[in-house]
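Reader: I have a model open and want to talk through its fold and packing. Can you take my questions as they come?

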Amino acid sequence: MAIIRLSFRARQVLGELVARSAKARQVRRAQALLWLDAGESVYQVAVRLRMSVRAIYHIVRRYQARSEEPIVARVNDGPHSGRPAAQREQVIKVLQPLLPHSPRVFGYRASVWTVPMLQQQYERRTHTSISARTIRRALHALNFRYKRPRYVLARQAAHWRQAKGG
């Protein structure tokens with residue numbers, strides 16, 4: 001006997017979710033519900049998904065308790081607790097005015113910004129230390145893409161003799 005019976009529409013939506021969703025937890029919940037509806041035992045589903053039997057029962061109970069919501073919302077994650085990314089936002093506020101200008105304006109002997117230079121500028125302005133990783137995250141949030149410059153000063157052209165008149 002199946003622990004849950006899904007409607008045709010629910011099976012359709014959950015099947016599409018399994019095939020297309022990028023959220024692993026959502027896919028696992030949808031798979032568990034589909035397999036249980038197909039007649040597999042709770043234990044088999046738990047082993048297949050590497051979850052506890054209790055977790056499978058919790059998925060079913062939660063799906064049934066959210067019956068007034070759309071099918072996709074019934075297998076979604078709830079709100080997660082955690083600390084907001086306030087530090088990154090503060091870094092963005094400091095870096096945003098710096099990025100349009102050349103580092104030479106601020107006394108550096110470089111033509112492009114590097115993470116250590118930005119880190120140093122942030123620390124000078126706020127008198128607090130920050131990790132290079134937080135700087136990189138802030139740059140990513142600003143959609144700022146960068147590439148290290150290549151130093152090619154010592155290379156000679158293939159036809160350098162002609163250029164010198166030889």
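Author: What follows covers the overall build, then the cores, then helix packing.

Reader: Before that, what kind of model is it, and how are residues numbered?

Author: This is a predicted model, where local features need pLDDT of at least 70, side-chain atom pairs count only at pLDDT 80 or more, and totals for chains, interfaces and linings use all residues. Residues are numbered from 1 along each chain as its sequence is written, and side-chain values use heavy atoms, with hydrogens and water left out.

Reader: How many helices and strands?

Author: The protein chain has 9 helices and 0 strands; these are DSSP runs, H or I of at least four residues for helices and E of at least two for strands, numbered from the N terminus.

Reader: Is the chain spread out or compact?

Author: The protein chain is more spread out than a compact globule, because its radius of gyration is 28 Å, well over the 15 Å that the globule rule gives for 166 residues. That radius is taken over C-alpha atoms, and the rule is 2.2 Å times the number of residues to the power 0.38. The C-alpha trace spans about 90 × 50 × 25 Å along its principal axes.

Reader: How much of it is buried?

Author: Of the 166 residues, 28% count as buried, meaning under 20% relative accessible area with a 1.4 Å probe, protein chains only.

Reader: Which residues touch the most other members in the largest nonpolar core?

Author: Ile4, Leu6, Leu14, Leu33, Leu36, Ile56 and Tyr63, out of 20 residues. A nonpolar core is a set of buried Ala, Val, Leu, Ile, Met, Phe, Trp, Tyr and Cys residues joined through side-chain atoms within 4.5 Å.

Reader: Which helices supply it?

Author: α1 (8-20), α2 (24-37), α3 (42-49), α4 (53-65) and α5 (71-75) each supply at least two residues of this core. Apart from it lies another core, of 16 residues, including Ile92 and Met117.

Reader: What is Tyr63 in contact with, beyond its sequence neighbours?

Author: Leaving aside neighbours within four places in sequence, Tyr63 is in contact (heavy atoms within 4.5 Å) with Ile4, Leu6, Ala10, Leu14, Leu33, Ile71, Arg74 and Val75.

Reader: New topic: at what angle do α6 and α8 pack?

Author: Helix α6 (residues 86-95) and helix α8 (residues 132-141) pack at about 70°, with their axes 9 Å apart. Axes are lines fitted to C-alpha atoms, for helices over the stretch in contact, and angles run from 0 to 180 degrees between N-to-C directions. That makes α6 roughly perpendicular to α8, a label for 65 to 115 degrees.

Reader: Who makes that contact?

Author: Arg88, Val91, Ile92 and Leu95 of α6 meet Thr134, Ile135, Arg137, Ala138, Leu139 and Ala141 of α8.

Definitions and conventions:
Buried means under 20% relative accessible area, exposed over 50%, partly exposed in between (1.4 Å probe, protein chains only). Angles under 35 degrees count as roughly parallel, over 145 as roughly antiparallel, 65 to 115 as roughly perpendicular and the rest as oblique.
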